[in-house]
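Me: Please give me a close look at a single part of this structure. Keep it brisk, then link that part to the rest of the chain.

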Amino acid sequence: MVPEIHMPEPICLIGNTDEHLVTNQEALEILSAITQPVVVVAIVGLYRTGKSYLMNKLAGKEKGFSVGSTVQSHTKGIWMWCVPHPQKPDHTLVLLDTEGLGDVEKVDEKNDIKIFALAILLSSTFVYNTMSKIDQGAIDLLHNVTELTDLLRTRNASDPNETKEPDDMSFFPDLVWTLRDFFLGLEVNGQAITSDEYLERSLMLKQGSDERTQTFNLPRLCIQKFFPVKKCFVFDSPALGSKLSQLQTLNSDELNPDFVQNLSEFCSHIFTHSKTKTLPGGIHVNGPRLESLVQTYVDAINSGALPSMENMVVTLTRRENTAAVQKAIAHYDQQMSQKVQLPTETLQLLLDLHKTCEKEAIEIFRKRSFKDDDQCFQKELESLLSAKQDEICRKNEDASAALCSTLLQSTFQPLEQEVARGVYAKPGGHSLFLQRMEQLKAQYRQQPGKGTQAEEVLQKYLKAKEPVSATILQTDQDLTAKEKQKKEEQARAEAARAEAQRLEALRVQEEQRRVEQERRHQEQLRQIEIERANFRREQQRKQEQRVQEEMERIKAEKEAQLRALQQQLQKVEVISHHEPDPCIII
């Protein structure tokens with residue numbers, strides 16, 4: 001497998017500023033990106049004892065961790081270098097080089113204990129680097145950390161003040177004790193011994209129960225208990241004289257051959273036997289889990305309340321699963337934002353997309369979750385996803401409602417403009433209004449992509465327009481009644497005019513008849529007058545006078561009748577002219 005991390009040089013993981021430990025966010029981000037299990041090798045020892053040189057060799061580099069050639073300590077805090085594991089392709093080797101112990105420039109000696117404690121807590125292989133030989137001072141220095149009993153014991157959950165010895169010691173690192181510039185002979189009573197036997201003999205307990213013996217045995221007992229797996233390497237001096245100050249630049253053939261051999265055996269052992277960092281319960285640590293360990297331990301140590309291993313697993317579980325929940329939610333949000341275009345045409349389409357993304361999110365959580373045996377965090381995720389579903393459905397409805405409202409405004413705007421101009425304020429206008437409304441409703445419904453609120457928004461709009469429809473209907477009814485009344489009066493006037501015309505025709509007909517009668521009568525009179533002209537001249541004169549008077553009387557009667565008809569026509573016309581205009585009344 002291709003290595004996941006490529007660090008060209010080490011980076012400060014935990015800074016030591018004014019005797020206060022501070023994590024480096026950049027280094028934590030590097031850890032968070034490592035998905036492989038990690039093998040963590042940390043080295044601790046007195047300052048200026050060549051710790052950084054050994055770590056550079058483990059990294060397969062000549063340079064990297066700072067190597068000094070003066071009496072001043074170079075490394076401050078804890079520095080980290082993540083490299084591909086040379087013998088485990090699916091693992092990452094995390095090298096931790098620590099600040100030298102016993103630096104005379106330090107103000108607070110407890111700072112050494114903090115660095116020492118962090119190295120033990122974070123590593124799977126703990127390299128204890130000392131000079132020349134195993135003596136009481138080196139043993140006491142290693143024992144100093146065990147004096148923080150809360151660090152290496154688990155607390156009873158029911159009583160924070162009660163401690164008990166841990167049953168599972170697998171989470172403690174293996175101890176590799178390196179002896180630099182070793183000058184003693186490895187033999188006892190004339191018999192050669194190995195460096196491992198030398199370490200075991202140095203940690204052997206004395207028989208006896210007196211205080212002096214107990215004082216002697218206590219640090220050895222602690223070391224044996226907390227480091228059941230131990231290994232010792234002795235190193236000859238790498239070079240002589242002034243060359244030691246140039247050790248980092250020397251080639252292998254310029255170094256002491258025995259030192260080169262010692263170094264090769266040390267690196268081979270680390271690569272072969274160093275185990276994956278493991279927590280109680282056989283939990284393998286990867287980059288994000290190591291990141292959580294670093295943050296938790298540093299926070300706890302700075303606060304003065306060193307965590308128990310039991311609480312550490314609880315804390316790690318919470319952090320890992322919280323991060324898994326956040327990762328799952330982030331994936332859900334990303335997928336929904338890519339796949340969902342609001343508003344969706346149907347609610348079911350949105351729910352199907354949610355279900356697909358929800359399934360992917362839960363699968364991502366399950367792959368990244370950590371000891372979520374009671375599914376507490378999965379239930380939290382499901383609750384969050386349910387809330388996400390409610391939220392996206394609400395947003396879908398809002399988007400649909402907003403889109404439909406805009407579409408309704410543009411679709412029905414011509415109708416509203418026609419209403420404002422009074423187009424439908426006429427008899428029969430309400431029927432025309434309803435026809436136009438149906439046309440626009442059909443046009444609106446044909447528009448695609450309106451979403452789930454299309455019909456609801458339409459009905460709300462139509463409900464809001466009911467008063468307008470009612471006003472148009474009332475106006476229509478009023479105008480129709482006026483129109484009917486006007487037509488009735490126009491019909492009556494027309495009938496009156498027709499009657500007047502009929503009477504006038506009768507009058508003319510009567511006048512013609514009278515004229516014809518008069519003509520005939522005159523003809524008769526003339527005939528009589530001719531025949532009796534001489535005889536009845538006087539009588540004729542009287543007769544003509546009577547006729548004349550009769551004619552005048554008839555004429556007067558006819559004229560009176562004509563005047564009566566004319567007066568009736570004038571009254572009709574006056575009524576017609578004073579009839580109010582229906583449009584003006586409306």
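Reply: Start with helix α11 (residues 376–420) and helix α13 (residues 454–464): their axes come within 9 Å and cross at roughly 45°. The model is predicted, so local features need pLDDT of at least 70 and side-chain atom pairs pLDDT 80 or more, while totals for chains, interfaces and linings use all residues. Residues are numbered from 1 along each chain as its sequence is written, and side-chain values use heavy atoms, without hydrogens or water.

Some terms first. Helices (H or I, at least four residues) and strands (E, at least two) are DSSP runs, numbered from the N terminus. Axes are lines fitted to C-alpha atoms, for helices over the stretch in contact, and angles run from 0 to 180 degrees between N-to-C directions. Two packed helices are described by the angle between their axes and the distance between the axes.

Back to the pair. Angles under 35 degrees count as roughly parallel, over 145 as roughly antiparallel, 65 to 115 as roughly perpendicular, and the rest as oblique. α11 passes α13 in a right-handed crossing.

Now the residues in contact (heavy atoms within 4.5 Å). From α11 come S400, A401, C404, S405, L408, Q409, F412 and E416, and from α13 come A454, V457, L458 and Y461. An α-helix has 3.6 residues a turn, so residues three or four places apart point the same way.

What else packs on α13? Helix α12 (residues 429–445) does, at an angle of about 160° with the axes 11 Å apart. α12 and α13 are therefore roughly antiparallel. This crossing is right-handed too: α12 passes α13 that way. M437, K441, Y444 and R445 of α12 meet A454, E455, L458, Q459 and L462 of α13.

Follow α11 back to the loop that joins α10 to α11. Q375 sits in that loop. Its phi is near 60°, a positive value in a residue other than glycine. Most residues other than glycine have a negative phi, and most peptide bonds are trans. Q375 has 38% relative accessibility and counts as partly exposed. Buried means under 20% relative accessible area, exposed over 50%, and partly exposed in between (1.4 Å probe, protein chains only).

Further back lies P343, in the loop between α9 (309–339) and α10 (347–368). The peptide bond from L342 to P343 is cis, with omega near -5°.

Now the wider chain. Its secondary structure comes to 16 helices and 14 strands. Buried residues make up 39% of the 586 residues. Take contacts between residues at least 6 apart in sequence: 72% join residues at least 24 apart.

Helix α2 is a case of burial. Eight of its eight residues are buried, so α2 is largely enclosed by the rest of the structure. Its cover includes β3 (38–45), β4, β5 (92–98), β6 (125–131), β9 (174–180) and α7 (257–273). Just after α2, G60 takes a positive phi of about 75°.

Key
A crossing is left-handed if the near helix is turned anticlockwise from the far one by less than a right angle, and right-handed if clockwise.
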